[in-house]
Structures are given as C-alpha cells and as structure tokens.
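Here is a two-chain protein to explore.

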Amino acid sequence: MEIKVKKIKDKTLIQVSGTVDLYSSPDLREEIQGQLKAKNNHEVVVDLGEVDYIDSSGIATLVEGLQVSGKMDKKFSLARLNKKVRDVFSLARLETVFTIYDDLARLNENPD
Amino acid sequence: MAGKNTSEISALKQKIKRLSSLIRISSLLNSTLDLDEILNIIMLSSKKVMDAEAATLFLYNEKEHALTAQIAYGKVRHKIKGKLTIAVGQGIAGTVAEQREPVLVNDPGNDSRFMCRIDKKTGFVTKSIICVPLIYQDKLVGVAQALNKKSGRFTEDDLDVFCTFANQAAVAIESARLHREEMDVQRIEQELNLAQLIQNSFLPHIDNMECPEMDIGIRKTAAFNVSGDFFDIFPLDDRQIFFIFGDVAGKGIPAALFMANLLSRVRYLAFRYRCLDQVVSNLNQEIHRISQRGMFTTLVAGVVEMDKGTVQLVNCGHLPVSFYDAEKKKWVSVIGAGNIPIGIFPQVDFKSENASFRKGDMLMIFSDGAVEAKNRKGHEFGLKRINAALPRDGVSAQEIVDRVYSGLKEYCGTERFKDDVTFFALGNCLRPGKFERRICSSPIMLRELRKELELFLERYNLSELLISRMILAVDEALTNVIKYSYSGNTTMPIDMKVEARKRSIEITIRDYGIPVDPTRLRVKDLENVSPGGLGLNFIYLIMDRVKFDPQDQGTLLEMVKFI
C-alpha cells in the first residue's frame, strides 16, 4: 500500500494505492487520524481509485475516520470507488453512509 | 370249439397288442413337448396300430375354418403333407370335423361324402377309411384318419381304438401348442432384454466421459424394455461439448431401432460439420428421407463453449428446457429457439439461440413422458411440478435428476409409466482440483496468499466478482485467526486447503490457537455503523455454508461456496 497526500482547495486528499488489509490498514489509520486532527483540515477525502484490495480492516479504518470526523465537526469523504472496492462496501451495506466523489475533478468545485 | 377258441384267443392277443401299443404311444406322447415330434409319433403309431397303408393328420385352422394335412404317412405322403387343405364340412375328414363324430367307411366309392378328386390327384386308391376328430376341452384340434386296412376291412373295434388314441393325441397336441406359445413369449422376452442391453450400449457411458468440466446426470425408464428417448454427449474438441436429447415418436422396438440409427448419424454429422445449425439441418434431411409413416423426432441439441461460458441451443419441437442460473440461484424454463420437430419437411431453416452457461449453471432436459405421467386420479405431473422439484443448492447433476424422478414416482405412486421417461441434466462444473498451504500467522503473509489463491481460482472460469469475494472470505477468516486465536502472535501455523469439487469450492482453515466457541460468535448488526466485527459478516454473506468446529487445540473452520 502506498499513501500520497495532496491539498485541493480546502480539502485534504489522501490517495491510497495497492492493498488495504490487516497488514497495511494500521498505516492508513494513522494517516487518516493524523489528517483529521490537523488544524486547518476541514474536509479529508480518501481516494480509493487505485486500491486493488480492501478487507474489513480497511473498511473499519474508514468507518472510524467517519466517526472521529463527526466528533470533531469535520467532513470525511471518499472518492473513486472502483468495482472491487464498491462490492466490499455493498457487502457491508455502507454505500450510502459515506459521501462519495465519483471523480477527483469534483473536488475543485466550491461547496454549494 | 377249438377253432372258435383259437380265433378268440388270437383276437384277444390282437387286442392286448393294440392296448399295449396304445399305452406305449401314450407314454411316448407324454415324453415330449415338441409339437412336430408329437405329430410324427401320432401318425407313425396310428398307421401301425390300425394296420393301415396310410395315415393323415389334419390340424384345424380356426381362422380359415379348414383342415390342413400336417403329417402324412404312406406312399403318396409327399403329395399331401402341407399341401392338402379341406374346408370344414367337405369330404369325409371335413364332415368329421364339422360333426365331431368318428366315421368308418369301408366302401368309399359309394359314399357321397368321399372326395375322389384327392385320389385322382395323388394316385392313391382309397379302399377304406377310419376318421376321428381330435377334441380337447370341447375344442376341435384336428382330424386323424387311417386308410386301407392291410388285413381287410376296418371294424367297430378299430374305431374304438382309434378314438381312444385320438383323445390322447388331442391332449398331447394342445399341451405342445401351449408350450410352444409360452416358449415364443419367453423367447420374445429374452430378445427384448437383449435389445435393451444393445440399446443401452448406444447411449453414452457418463463414467467414461472425456470432459471433466461437464457434470452429467441421467435417469431413464422405458415404457417397454426399449425406449425411443435418446441422448448423447461428447467433446468436439478440448473446449467444445456437443450434446443432444430427443424423443422419437412412438415407443418400443420401432422407436428404438430408429433412435439407434439416428444416434450414429448425429456423431458423424457433428464431427463433419462442427456447427450446430448444419448438424441439425442435415440430420433433418436424412431423417426425413428414411422415416416411415410420418415418424418424427423432437429434440434439443447444443454446443457448450467452455471458454466463452456460453451454450448454443436449438429446440426442435421439444418441451422447454429447465435452466439453472447459479448466480441468481434460480431455475427458469427456456425454449431455446422454437422450431418444428425433425423428419417432417425436408428443407427447414432451424434457428438456434445463444445463452450464457457459466460455471455452476445447469440445463435439465426431459421427455414428454415425464410431464404427461399421471397419478391415480388421472392428473398429469406437469411442467410446474417438475420445476418445483428442482433443487436450488449446488447438488450434482445426478442428484438433480434423481430428486425430480423421485418426486415423479411419489406423485404417480408407481414406476411403471405409459411412456418413456428420461431426465438429462448437464452442468458446467469445476474440474476437480486442490490448493493447500501452511502459512505462519503474520499479516504480511496474507497478500502473497491472496495472490496464489487468485491464480488457483482463475483456472475455473469463475466470475471476477465471485473470485474476489471468496478471496475476501478467506482473508477475513485468516485475519480472525491471527487477531483472536493467536492474539497477534505472528509465528504460529495456519493450514489452509481449498478444494474445487464439481459444483462447489470447499475451504478449510485449521489453526492451533484458542478454540472458537461457536455459541459466542456474533454476527454484526449492519444497520449499526461502527468499525470492527465486519469480517465474520463478510464470511457469512459470501459463503453458503460456514461451520466453526472447535478442536482440542484450535479450530477447524469449514466453508462451502456452491457454484
């Protein structure tokens, strides 16, 4: 798994590639939690477009991010769910829980 | 006195001789059941006992109401045997047959009943006749006659002896006839059994099928020994399987012979053309050319393309085919392009249809005998009941046809059906295979193992979604072992086995840590969004059967996915 972090306007984009499983999800968790805690970050977006595998530990990491962001009054969203990743979300019935950007271009749009 | 005594003694001696002859004949008659042999004994003995120049035995032919000379002894026997037929009521023998009374004529020239044309034709000169009916249980069997007593005229005594003799002969002929009929029935039965063996040899032997990726089930019962239902399945090459199932109009031997002819043509045409449409239209032309009295055939034929996961189907006047969609776990009736039966018109443009036929999918084809089989109240089993009896879990093709057949048997309350009943199931199944690994309980091992498992599963032409889900289930199970059974200890062993069976993938995972208590396993409430506990949900959602079996040390987890 590789992680790259980018700033797009007021959003922080965490770009994940490779596999998110029991071995790698602790690293993703650390990154998400860290970015959520950073002062100027109002919205954290996790881009899963290049993820070829995600399991329940990866999903749990994302759910935890959503919960923490709620407590901190910040926004937490996902971007680019490919077919494989989307299927795991649908198994977990979590497709509708997250705000999902279908493509990164929409991150440039101003909210409202 | 002395003279009278001498003649009386000689007459008595003669009587004794005759009686002993009769007893001997009687035992001879009872010694055989062969009709020809019996008739010969009768005539040879009657000629001798009656001291006659010639003797004839007529058998009664009920259909023609006439007598036919079956056996003749004497100089002109070759002109009589089998060639002489006399209508009942005609001539002396005909009169005896009609009136069922014996007749003794010592001067035939002056008897109006006598037919002199026979003498003229044969050159025999009839001087005296003794003629008696052969009657068995009030039924006329035939007439026996002795001609020209060598030592003078026939007497009333002769008549008595001949009558006694005739009674015995009638019994012997009738029992020999019955025996012959029984033998005929037995012979036909034996031939039918043989025919059944021969017919079965035409049908494919599924144990020898050269295609391990086809799961085949067959169940058939013939209305008579032999059947007009037929099927065949064989690989055209590595990746194409040809199959055919049909029902020849009619049943019994004619249908069976026709079916044998048809099957041999199918193989020839299939290898010659290797194209379903051409095979069927050529078969139609040939069958039309040879079929007698409008004998037609309904059939379903197809070619399975293993690599594409498709089947090309043609249905010529046959019932719909039941199709199992493994992904939707649903049976549906499909026609597969409707056409007229083959053998009716010489030129027909048969239409075929392509359908998806992936791993786990199944076709079930059956003869109309199955649909039209009736229960005691006269109600048909019907298409609906056939489809309702089809099982939905991943059982083998043989089990599918067995279950439908037992449903039919139960409904009808018998296994003797009026028409041939055949069920044929064909599944696109997995080639048996195995994948075994022992890994250590470190999260870093998981990625490599998933890759290996993916390579193994990809050999089975399974859908991408199914493969990635099964990998997810295995990964979740291993994650749980690492996290809970081994509490994060990364050096412990885990044994994994993945086995491809015909219609299922069976996975076992064995660890040697803290045994799982199945009663304390909780499936997460998915409505409640929270991290953790999702893995077990995934396993239950993905796999069809999950069983945690705690061992003395560790747990054996068994998971089955029906394909």
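## A salt bridge between the chains

Let's start with one pair: B:Arg450 and A:Asp21 form a salt bridge, with their closest N and O atoms 2.8 Å apart. (A salt bridge here is a side-chain nitrogen of Lys or Arg within 4 Å of a carboxyl oxygen of Asp or Glu.) Across the interface of chain A and chain B, the rule finds 2 salt bridges.

A word on the ground rules: this is a predicted model, where local features need pLDDT of at least 70 and side-chain atom pairs count only at pLDDT 80 or more, while totals for chains, interfaces and linings use all residues. Residues are numbered from 1 along each chain as its sequence is written, chains are lettered from A and ligands numbered from 1 in the order in which they are written, and side-chain values use heavy atoms, with hydrogens and water left out.

## Where the chains meet

How many residues of chain A are in contact with chain B? It's 22, and they touch 27 residues of chain B, where contact means heavy atoms within 4.5 Å. Together the two chains bury about 2100 Å², with 65% of it on carbon and sulfur atoms. (Buried area is the accessible area, taken with a 1.4 Å probe, that two parts lose on being put together, summed over both.) A:Leu22, A:Tyr53 and A:Leu91 provide 29% of the area that chain A buries against chain B, more than any other three residues.

Which elements of chain A give two or more residues to this side? They are strand E3 (43-54), helix H2 (56-71) and helix H3 (83-91); helices (H or I, at least four residues) and strands (E, at least two) are DSSP runs, numbered from the N terminus. H2(A) gives the largest share, 6 residues.

## A six-stranded sheet in chain B

Now over to chain B, where 6 strands form an open, antiparallel sheet in the order E3-E2-E1-E6-E5-E4. (Two strands pair if DSSP finds at least two bridges between them.) Strand E3 (85-87) and strand E4 (103-105) of chain B are the edges, and each pairs on one side only. Further in, 7 bridges join strand E1 (residues 52-61) to strand E6 (residues 139-149) of chain B, and B:Ala55 sits opposite B:Ala146 in E6(B).

Helix H2 (residues 35-49) of chain B packs on this sheet, touching E1, strand E2 (66-73) and E6 of chain B, and its direction makes about 145° with that of E1(B). (Axes are lines fitted to C-alpha atoms, for helices over the stretch in contact, and angles run from 0 to 180 degrees between N-to-C directions.)

## A second sheet, and a hairpin

Chain B also has 5 strands in an open antiparallel sheet, ordered E7-E17-E16-E12-E13. Its edge strands are E7 (214-221) and E13 (330-334) of chain B. E7(B) pairs with strand E17 (residues 421-428) of chain B over 8 bridges, and B:Phe424 in E17(B) is the bridge partner of B:Ile218.

Finally, strand E19 (residues 493-501) of chain B pairs antiparallel with strand E18 (residues 433-440) of chain B over 8 bridges. E19(B) also pairs with strand E20 (residues 504-511) of chain B, in the antiparallel sense and over 8 bridges. A hairpin joins E19(B) to E20(B) through 2 residues, and B:Lys497 stands opposite B:Thr508 in E20(B).
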